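Okay, thanks for coming, everyone. I'd like to walk you through one model today, so let me put it up on the screen.

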Amino acid sequence: MNRRNFLIALGGMTALTTPARAQGLVPASGEVDVAIVGAGAAGLAAARRVAAFGRSYALIEALDRVGGRAVTDVGRFDVPFDLGAHWLYAPRTNPLIPLARTNGLDIYPATRTQRLRLSARDAGAADAEAFAIALSRANRAIVTAGEQRTDVAAARAMADLGEWQATVAFRLGPATFGKDLDEVSAADYARAEERAEAAVCRQGAGAILALTALTLPVQHSTPVTEIEWGGKLITLATPRGPIRARAVVLTVSTAALAGGAIRFKPALPAAVAAACQKLALGSLNQVGIELAGNPLRLRDDELVTFKTASADTMALLGRVSGTDLAVATLGGKAGRELEQAGEAAMVAFVTEQLTAHYGADIRTAIGRSFATRWGAAPTILGAMSVAAPGAQPMRRQLGQPLDNRLFIAGEATHETAWGTLHGAWLSGERAAEQALRALGVAVPTTAPAPTLPRQPAQPLQRKRRQPRPSDMPARD
Ligand SMILES: Cc1cc2nc3c(=O)[nH]c(=O)nc-3n(C[C@H](O)[C@H](O)[C@H](O)COP(=O)(O)OP(=O)(O)OC[C@H]3O[C@@H](n4cnc5c(N)ncnc54)[C@H](O)[C@@H]3O)c2cc1C
């Protein structure tokens with residue numbers, strides 16, 4: 001599918017998924033087998049699963065679009081810009097990859113070429129090696145700590161890395177998970193599936209979900225405000241009227257749930273409420289910047305790490321899919337402060353960083369810009385769930401069926417692929433299958449896809465060969 005056809009496809013999507021059309025799905029009785037709250041990755045996967053077994057369902061979305069934290073903007077820069085998820089991790093088993101290909105989208109392996117920038121020049125081999133070693137040391141130390149009986153904050157597990165401390169801490173914490181390492185459970189970090197390998201969708205990761213939704217009757221702009229799950233049927237209150245269901249799959253983010261946007265009658269169990277608090281979302285935002293003529297002299301999809309002495313830094317993905325679009329990632333506490341200061345402050349920060357590292361002339365090459373503010377999106381309120389120290393087991397708890405009729409899904413419920421698109425997708429499929437079984441549907445058990453564990457905590461083998469910057473553990 002070329003770009004023009006793709007844009008036409010997305011344009012068609014709006015027409016196909018208007019609320020008026022979608023309203024027809026819920027029978028006049030207002031009663032369905034399964035109500036699915038949220039049309040992000042988890043909700044879309046759940047809807048497809050329920051539909052595959054021929055059961056009735058309502059797919060209810062608060063926003064006027066699908067995708068949740070995975071959405072591709074095609075208007076601002078005239079090229080696809082992933083506002084949220086971009087990398088398709090675990091490409092060998094990621095269920096979104098075959099789905100994308102079936103829909104005519106172009107998937108290619110992420111080269112993940114990486115560059116380290118020291119104040120105003122690219123690092124040479126010695127610095128790149130020192131950084132790669134420091135990164136690897138810290139990664140191993142956190143994984144080892146996370147495998148112990150008592151969980152600690154990932155920051156406590158890190159040895160003193162001297163001049164690389166802040167750079168490594170940013171890469172492993174805010175740039176990857178949206179949280180500083182003092183807020184990250186070492187056990188959660190250690191259990192997180194390996195992300196060294198990834199694929200990219202040229203039309204955008206969000207486009208995969210948008211195309212998937214074309215065949216699903218999504219009820220847009222329909223926020224669920226109350227879920228009454230004490231009676232024979234579960235009743236969901238929405239501004240368009242109530243929906244009654246035999247089972248509910250709930251895919252709303254932990255932050256939105258903790259924020260109380262939905263009233264539950266009876267209240268959710270205390271353990272679930274606690275899990276939403278302890279699996280809070282971090283802050284991660286993308287600042288898209290148009291850089292015409294490749295002034296940073298980057299290769300396509302090259303990731304730049306800036307050596308820093310403080311948390312006030314960013315990561316930069318240059319020449320996204322070979323275009324003039326560069327995307328800076330801001331995250332953690334410092335990133336949250338910038339987000340709260342507003343889009344202009346975020347763009348100004350990125351511009352200052354580029355000027356500091358590449359010279360004042362770079363300003364003239366900067367064209368259009370745009371910054372996401374996921375923390376201010378009222379139905380999402382952050383980036384991805386990260387367990388506080390000691391809270392890793394709460395993921396399993398959050399995913400437990402409630403009264404065998406209320407099934408919580410979403411990235412936070414996946415024990416190893418949390419914080420990812422495919423983790424959310426798989427959790428939606430799992431919850432849908434649980435709901436179908438609860439309704440008496442014979443759903444065959446599928447073997448879970450194997451997950452790649454993180455690298456084992458082995459002693460570092462120095463000088464076996466010269467590490468290149470591309471040896472750095474790949475992260476966002
Ligand atoms: C900046 C950023 C970068 C990321 N990068 C990557 C990456 O490169 N690779 C990767 O794999 N993952 C990445 N992620 C994580 C990934 O995007 C998420 O894990 C995933 O999209 C979450 O899907 P979900 O279905 O669990 O939740 P969501 O996407 O949040 O979907 C939940 C949906 O529920 C809706 N909703 C909320 N309240 C209500 C209500 N009351 N009534 C009805 N609907 C409601 C919301 O509007 C939303 O659409 C990134 C995330 C961010 C923010």
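Some housekeeping first. This is a predicted model, so to speak about local features I need pLDDT of at least 70, and side-chain atom pairs count only at pLDDT 80 or more, while totals for chains, interfaces and linings use all residues. Residues are numbered from 1 along each chain as its sequence is written, and side-chain values use heavy atoms, with hydrogens and water left out.

How many does the structure hold? There are 25 salt bridges.

Let's look at R246 and D33. Their closest N and O atoms are 3.0 Å apart, and they form a salt bridge. This pair ties together distant parts of the chain, with R246 in strand β13 and D33 in strand β1 (residues 31-37), 213 residues apart. When I say helix or strand, I'm using DSSP runs numbered from the N terminus: H or I with at least four residues for helices, E with at least two for strands. D33 has 10% relative accessibility, so D33 counts as buried. R246 has a relative accessible area of 33%, so R246 is partly exposed.

While we're in β13, have a look at R244. R244 sits in that strand, residues 243-250, and is partly exposed at 30% relative accessibility. R244 and L233 are 11 residues apart in sequence, and their C-alpha atoms are 6.1 Å apart in space.

The next pair is E290 and R368, a salt bridge with its closest N and O atoms 2.8 Å apart. Here too distant parts of the chain are linked: E290 is in strand β15 (residues 284-291), R368 is in strand β19 (residues 366-371), and 78 residues separate them. E290 is buried, with a relative accessible area of 18%, and R368 is partly exposed at 36%.

Then there's R299, which forms a salt bridge with E302 at 3.3 Å between the closest N and O atoms. Through shared partners, salt bridges join R115, R117, D122, R299 and E302 into one network. E302 is at 0% relative accessibility, so E302 counts as buried.

Now for that acidic residue, D180. Where is D180? The residue is in the loop between α8 (174-177) and α9 (186-191). D180 is buried yet has no salt bridge, and the nearest side chain of opposite charge, K333, is 4.5 Å away. On charge, Lys and Arg count as positive and Asp and Glu as negative, with His and the chain ends not counted. What the side chain of D180 does reach is the backbone nitrogen of K333, at 2.7 Å. Leaving out residues up to four places away in sequence, D180 touches P174, G332 and K333, where contact means heavy atoms within 4.5 Å.

On to helices. Two packed helices are described by the angle between their axes and the distance between the axes. Helix α13 (residues 332-341) and helix α14 (residues 343-358) have axes that come within 5 Å and cross at roughly 130°. The axes are lines fitted to C-alpha atoms, for helices over the stretch in contact, with angles from 0 to 180 degrees between N-to-C directions. So α13 and α14 are oblique to each other; under 35 degrees would be roughly parallel, over 145 roughly antiparallel, 65 to 115 roughly perpendicular, and the rest is oblique. Where they meet, L338, E339 and A341 in α13 face A345, M346 and F349 in α14.

Helix α10 (residues 205-212) has eight of its eight residues buried, so α10 is largely enclosed by the rest of the structure.

Last, the backbone. The peptide bond from K265 to P266 is cis, with omega near -5°, and P266 lies in the loop between β14 (263-265) and α12 (270-278).

N294 isn't glycine, yet has a positive phi, near 50°. N294 is in the loop between β15 and β16 (302-306), and is partly exposed at 21%. N404 also has a positive phi near 50° in a residue other than glycine, and N404 is in the loop between α16 (394-398) and β20 (406-408).

Terms used:
Buried < 20%, exposed > 50% of the residue type's maximum accessible area, 1.4 Å probe, protein only. Salt bridge = Lys/Arg side-chain N within 4 Å of Asp/Glu carboxyl O. Polar contact = N/O pair within 3.5 Å; in protein donor to acceptor, adjacent residues only side chain to side chain.
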